[in-house]
Amino acid sequence: YLYSSVLHFYSFFFPSGTGHHACEESWEMIQNKRTIKVENEVEANKLVNNYRFGFRKWKSHVTKRPFERRSDVVKELYSELNVVKPHSGQFITFGNIVYVFLFGWWVSLAHLLVGTLMFMTIIGIPYGKLCWTLCGYLLWPFGSTIGKTLRRCCEQAPDCECRVDLDEDSSPVLLPSPTEIHRPSTYVWLLLGYLPLVIVHSLACFLSWILVFTIPVAKLNAQTLSVILLLPPEDVSISSSSQRQHHGYETRARLCCYYAANWYYYKYTVDGINVFAVNLLPLVIVALVIGYVDRGNQWASSDVKFATAIGSIIPLSYYIGMGIASISAQSNFAVGAVVNATFGSITELTFYITALLRGHRTNNPCLQEVVKAALTGTLLGCILFIPGICMIIGGLKHSEQRFNSRSAGVSSALLFISVGGAFAPTLFSKAYGNLVCDSCTNSSSGLFVCHNCHYDLKNSTLFHSHVEPLVYTVSALLPLAYIIGLIFTLKTHSHIYNIHVGDGQVTDHHETVVHWSRWRSLVILIVATVLTSACADLTSEHIQPILSQPNVSQVSICAKVSSPIYNFTLIVKSDVCIYFYLVSCSLEVGRCIAVQVCMLQIPILVVFNACYDVGFELLFSDLHLWASICSVILVNYIFMDGKSDYFQGTALVIVYLILLALYFFAPSPAGC
C-alpha cells in the first residue's frame, strides 16, 4: 500500500513516469544490497547456513580462494621474500625503525660475534666474512637484495659453457654441493657457527610471528636460516636495485625485504585459521601443563591458572567453529543441523557440567550459582552486546543498514519462547513459594527489618510436587520448539533465508578445494572438544579462590569474564559481517546463540541433573530474571522496523553496561 501510494504521488507530479522509475531503481538498489557474491558452491552453502536458524554463524572462508582473484593487499601478505619488485617508495618507515630496536640490533650483533668466532678458527674465515656481511644487512635489510652470484657469459657467445639458466636450482633449501660439503670449513661452520645462529633466528622468528604485524620479519629470519646460511659463502652477494642494473654479474634473488611490518596481517590465515587463533594454541599446552602438573601452585597461582585456562578457550572455540562450518558447508541441511546442535554449544556445556560436578564433589553450592550467572551472562551478551557492537561498527561505514525483517521476526519469536520457557519455573516459584527472611530485628518504630529474604522451596512439597515437574515439562518443550524452528527454516519456509548468489561468481563444485575435509573436521572437532573439557575443568577448579576474595562478586566475574571469553570468536565474526553489510548474518549471530542457550543448553543441564544428581535447580535470582526479560523486550523493539544504525547499537551497549554495573555491585548469594 505504501509503495502504491508513493507511485501515485510521483505520477501526479511527474506524469511521464519519472517517479515510477525512481522508485523502481531504489527498490532494485535495496535488492542488490542483499545479493552476495561468492566464489563457489561450498561458500554459497556456508553463507546460506549463516542466515538459517540453528546454525552457528561463520564468516571465514572454508575453501581455498584462488590466489589470482585475491586483492593486491592480500597477495602481498602471502608473498615470499625472494621476488625483486620495482619499488620507488621510502624505506624509512615507522615499522622499519621499530624493527631495528626490536630485532635488528641483537640479530646483527649475533652475526658479528659468530663471524669473529669463525675468524678465530682461521679455517672458517670465508664464513666469517659471510657473517660480517650479513651483520650489516640484517641491521637494515630494507631495499637490499641477497642473491646467489652467477657468472654471465658474453653476449657474443650464447652457447658458452659457463652460462647458467636462472630457473635452475630453485629449491627452497640450498645445501653446499657434494664437493663443497667435504671441505673442513663447512664442518667447522655447521658445528660452531650455524648452530648458535639457529637459536638466534628461531627466537627472532618466533617473537615476530607472535606479534602478527611483524610476520615479514619472521619470513626474513626463516629465509636467512634455511637458505642464505646454507649457501657457499663465495656465492652470496648483497646489492641494491641500482647496483643490479649496472653490475657485471647477474644475481638470483634469494632474499629481498622492503617493509618489516604490515597492518593488514590481521587477515593472515594458516590453513583457513586466523593467525591470532594459531598463535594462541600454545596457551592451551601451557594451561594443561601448569594446571595438571603443578597441583601445589608452586609454578603459578590459581589466578594465573584461571586466566590461562579461560584464555585457552578462545583458540579452541575458533577451531570448533571452523570444524562446524566446514562440515555444514559440505553436507546437506540435516547433517549440518545435527552437527550444529551437537557441537554448537559444546564449549559452554563442558564448563557448566564440570563446574556442577566439582561443586557436587566438594559440596559447594556456589558453583551452581556460578553456572546460572554464566548462563545469564551469555544470554545478555548475545542479546545486547553482540548486536550493539555490530551496529556501532557497521555505522562507521554505513549510515543506515537494512536487514530481513521476516527472518528477524522468526528469531524474535523463538527468542521470546526460549527465554519465557527458561524462566517459567522461576516465575512459578515466586508466585507460589514461601518468602523466608533471616536476621529479622524489631526496630524502634515497631517494624521488623529483615535481611537475606528468599523463597524457600526445599522445606516444602512445592518444589518436588509442582516446580520440578514444571522444569521437566519445559525442558521437553523447548527442544521441541527448537526442532520445529529448524523444520520451518530449513524445509517449509527456507525461501525466507535464501541468498541470491551473484552471477558468474560460482565455480564448479568439483574444482573447489576446501581447507578441511569432513573427516578432518570431525577429528579436529573431537580433539578440540576434549581439550576444551580439560580447560573447562581447570577453569572451574581455580575460579573458587577468585570468588572467595571479598571484593569480587561471583555473578560479576561470570557475566563479565567467562561468558564474553566463550563467545569471543562470535563477536569478532559478527563485527566483520556487519562491516561489509552482512547485517542480517551479524544480528543472527547473537540471537542464535541466545536461543541455543535456552532451548538446548538448559534442557541438557536439566537432563544431566536428572541422570546424575548434582543439585542443579532451574531457579534464577530476581536480577537474572528481570535483566533477561527486559533485554529481550528491548532488542525485539529495536529490531522491529528492519533497520539499524549506530545510535540503536549504542543504546544496546549502554543497557548492557548498566546491567554489568548491577552485577558488579550486587552481593554474592547467601553462603557464597
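Which residues are linked in a network of salt bridges? I will come back to that after a few words on what we are looking at. This is a predicted model, in which local features need pLDDT of at least 70 and side-chain atom pairs count only at pLDDT 80 or more, while totals for chains, interfaces and linings use all residues. Residues are numbered from 1 along each chain as its sequence is written, and side-chain values use heavy atoms, with hydrogens and water left out.

Let me start with the overall picture. The secondary structure of the protein comes to 27 helices and nine strands, where helices (H or I, at least four residues) and strands (E, at least two) are DSSP runs numbered from the N terminus. Of the 672 residues in the protein, 49% are buried; buried here means under 20% relative accessible area, exposed means over 50%, and partly exposed lies in between, with a 1.4 Å probe and protein chains only. Taking the contacts in the protein with a separation of 6 or more, 80% are between residues 24 or more positions apart, a contact being heavy atoms within 4.5 Å.

Now to the salt bridges, of which the structure holds seven, each defined as a side-chain nitrogen of Lys or Arg within 4 Å of a carboxyl oxygen of Asp or Glu. The network I opened with links Arg295, Arg358, Asp537 and Glu541. Glu541 is partly exposed, its relative accessible area being 22%.

A second salt bridge joins Lys305 and Asp294, whose closest N and O atoms are 3.8 Å apart. Because Lys305 lies in helix H13 (residues 302-311) and Asp294 in the loop between helix H12 (281-292) and H13, the pair ties together parts that are eleven residues apart in sequence. Lys305 counts as buried at 3% relative accessibility, and Asp294 is buried as well, at 4%.

What separates Glu369 and Lys372 along helix H17? Being three residues apart in H17 (residues 366-395), they are separated by about one helical turn, and their side chains meet in a salt bridge at 4.0 Å, N to O. Glu369 counts as partly exposed at 23% relative accessibility, whereas Lys372 counts as buried at 3%.

Turning to the cysteines, the structure holds zero disulfides, a disulfide being a pair of cysteine sulfur atoms within 2.5 Å. The sulfur of Cys135 has its closest cysteine sulfur in Cys131, 9.2 Å away, which is too far for a bond. Cys135 counts as buried at 13% relative accessibility, and Cys535 counts as buried at 0%.

Finally, the surface. The protein exposes about 32,600 Å², with carbon and sulfur atoms supplying 65% of it; these accessible areas come from the Shrake-Rupley method with a 1.4 Å probe, and for residues only the protein chains shown count as cover. There is a nonpolar surface patch of about 1,000 Å², with Trp105, Leu109 and Trp132 among its residues. The elements giving two or more residues to this patch are helix H5 (94-120) and helix H6 (125-139), and H5 supplies the largest share, six residues. Leu109 is found in helix H5 and is partly exposed, with a relative accessible area of 38%. Patches are made of residues with over 30% relative accessible area and no salt bridge, like charges being joined within 9 Å and nonpolar side chains (Val, Leu, Ile, Met, Phe, Trp, Tyr) within 5 Å.
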